[in-house]
Amino acid sequence: MWKHIVSNALTFIILGLVALGGFIAWAQGQYRAEGPLDAPICLRVESGSNMRRVSLDLEEQGAVSNASIFRVGADYSGKADELKAGSFLVPSGASMEEIVDIVTRGGRSTCGTEVVFRVGVTGQEIEVRELDPATNRFAAIAEFDPLEGSSDIYDEVRADADTRYRVSLAEGVTSWQVIEALKAAEFLEGSVEDVPAEGTLAPDSYEVREGTPKADLIAEMAERQAERLEQAWQNRVDGLPIETPEEALILASIIEKETAVPEERRTVASVFVNRLRQGMRLQTDPTVIYGVTEGRGVLGRGIRQSELRDDNPWNTYVIDGLPVTPIANPGLASLEAALDPEDTDLLFFVADGTGGHAFARTLAEHNANVARWREIEAERQEN
């Protein structure tokens, strides 16, 4: 009798272990399988939260099929105690395993509110924007010039620890413009006393934390520009009338200020390179403007004849060769164009009325292009 009872007990134990093994295998499959989420969501994890609260939130939003399996999986993987606060983008179809990784891997928030401080050639702007998880695109909810006031929305999001910050430098800004604009960046700390050398800051987008020292941000901009210049210099073509990386930086800054059309950069570069090879003066208006302003803001009017004749180290209508310094901070594309120009025999260009330029090989062709441009200007003034 006892043998029969023991035998039955062993059978039940074995069946229980088999069932348990089957359940574990099923749960593991559920944990790693594609999730039920039809569209991406932005998951907010509050500071001090725990995996139980997060799992229930995910289950309520339809991101996981079973909150208990989510928690057990997080425990089994050893990540249950590694939960990070923030706002995280959970893509459609994400498995529980992938979601656990998203909310525990660390780093910065991947969705939610972002403050972008834009430094442009004509001014600065703060944009507050929200990421739409469905489209993975940002939508602006507030825009303003920080020198002219603030925004209630901006003040609200600054109180949120999850708000992300970004500083964006436009191509062609001067170093003085960057330093002056950053004075209005209240989310950064400290000050920068000296204006960095012209051309040494990389136009780009920089993600920062609230309280980042301004000096650290400037150092990062300078380091990035130095790396770009070095790489472009290493990849330069042979036979250029450019002897040093510093000269390449100067030429790139002129290219940057001469055209806003990406497809034209290498063509504009070819004109200047051809002129340098032939010993012709560059005769480019942006250098005249820099000689007047020295990078401290925009000119805001036309160039005067007296300024075209002014003998200063930037005026390429007067001096031979390149100016003494860059006239702005050039972007990567202009650096690459300066050191890999298009192979042409072009020597002239003038605005064509479309935002681009008309190029010419001879002075006669150029004069005809200039005449057409003046006609366009006259028509615009009449209208």
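Predicted model: local features only at pLDDT ≥ 70, side-chain atom pairs only at ≥ 80, totals over all residues.
User: Let's start with strand 2. Is strand 2 buried or exposed?

Analyst: Buried. Strand 2 covers residues 86–90, and five of the five are buried, so the strand is largely enclosed by the rest of the structure.

User: Which residues sit on which side of strand 2?

Analyst: Gly-86, Phe-88 and Val-90 are on one side. Ser-87 and Leu-89 are on the other. Both faces are covered.

User: Why do the sides go every other residue?

Analyst: Because in a regular strand the side chains alternate between the two faces of the sheet.

User: How does strand 1 pair with strand 2, parallel or antiparallel?

Analyst: Antiparallel. Strand 1, residues 41–45, pairs with strand 2 over five bridges.

User: What stands opposite Leu-89 there?

Analyst: Cys-42 does.

User: Now strand 3. How many of its residues are buried?

Analyst: Six of its seven. Strand 3 runs over residues 113–119 and is mostly covered.

User: And what does strand 3 form with strand 4?

Analyst: A hairpin, with four residues between the two strands. They pair in the antiparallel sense over seven bridges. Within that pairing, Val-116 has Glu-127 of strand 4 as its bridge partner.

User: How does strand 3 run relative to strand 6?

Analyst: Those two run parallel, joined by six bridges. Strand 6 is residues 164–169. Glu-114 stands opposite Arg-164 of strand 6.

User: Why "partly"?

Analyst: Because buried means under 20% and exposed means over 50%. The 28% of Glu-130 makes that residue partly exposed.

User: What is Glu-130 in contact with, leaving aside its neighbours within four places in sequence?

Analyst: Gly-112, Thr-113, Arg-137, Phe-138, Ala-139 and Ile-141. With Thr-113 there is also a polar contact, side chain to side chain, at 2.5 Å.

User: What separates Glu-130 from Tyr-76?

Analyst: Their C-alpha atoms are 35 Å apart. Along the chain, the two are 54 residues apart.

User: Switching topic. What is the volume of the largest pocket?

Analyst: About 1400 Å³. The pocket is lined by 48 residues.

User: Which of them lie nearest its centre?

Analyst: Glu-258, Thr-284, Asp-285, Pro-286 and Ile-303.

User: Which elements supply at least two residues of the lining?

Analyst: Helix 8 (245–258), helix 9 (265–278), helix 10 (285–293), helix 11 (305–309), strand 8 (348–351) and helix 13 (363–382).

User: How do the lining residues divide into nonpolar, polar and charged?

Analyst: There are 21 nonpolar, 17 polar and 10 charged residues in the lining of the largest pocket.

User: Last topic, backbone angles. What is the phi of Gln-283?

Analyst: Positive, about 50 degrees, although Gln-283 is not a glycine.

User: Why mention that?

Analyst: Because most residues other than glycine have a negative phi.

User: Where is Gln-283 found?

Analyst: In the loop between helix 9 and helix 10. Gln-283 is partly exposed, at 39% relative accessible area.

User: And what is the phi of Glu-294?

Analyst: Near 55 degrees, again a positive value in a residue other than glycine. Glu-294 lies in the loop between helix 10 and helix 11.

User: Is Glu-294 buried, partly exposed or exposed?

Analyst: Partly exposed, with a relative accessible area of 44%.

Notes. Residues numbered from 1 in each chain as written. Heavy atoms only, no water. Buried < 20%, exposed > 50% of the residue type's maximum accessible area, 1.4 Å probe, protein only. Pairing = 2+ DSSP bridges. Contact = heavy atoms within 4.5 Å. Polar contact = N/O pair within 3.5 Å; in protein donor to acceptor, adjacent residues only side chain to side chain. 1 Å grid on protein atoms, 1.4 Å probe; cavity = no way out; pocket = protein on both sides within 12 Å on 5 of 7 lines; lining within 4 Å. Points joined across faces, edges and corners; volume = space filled by probe spheres on them. Nonpolar A, V, L, I, M, F, W, Y, C, P; charged D, E, K, R; others polar.
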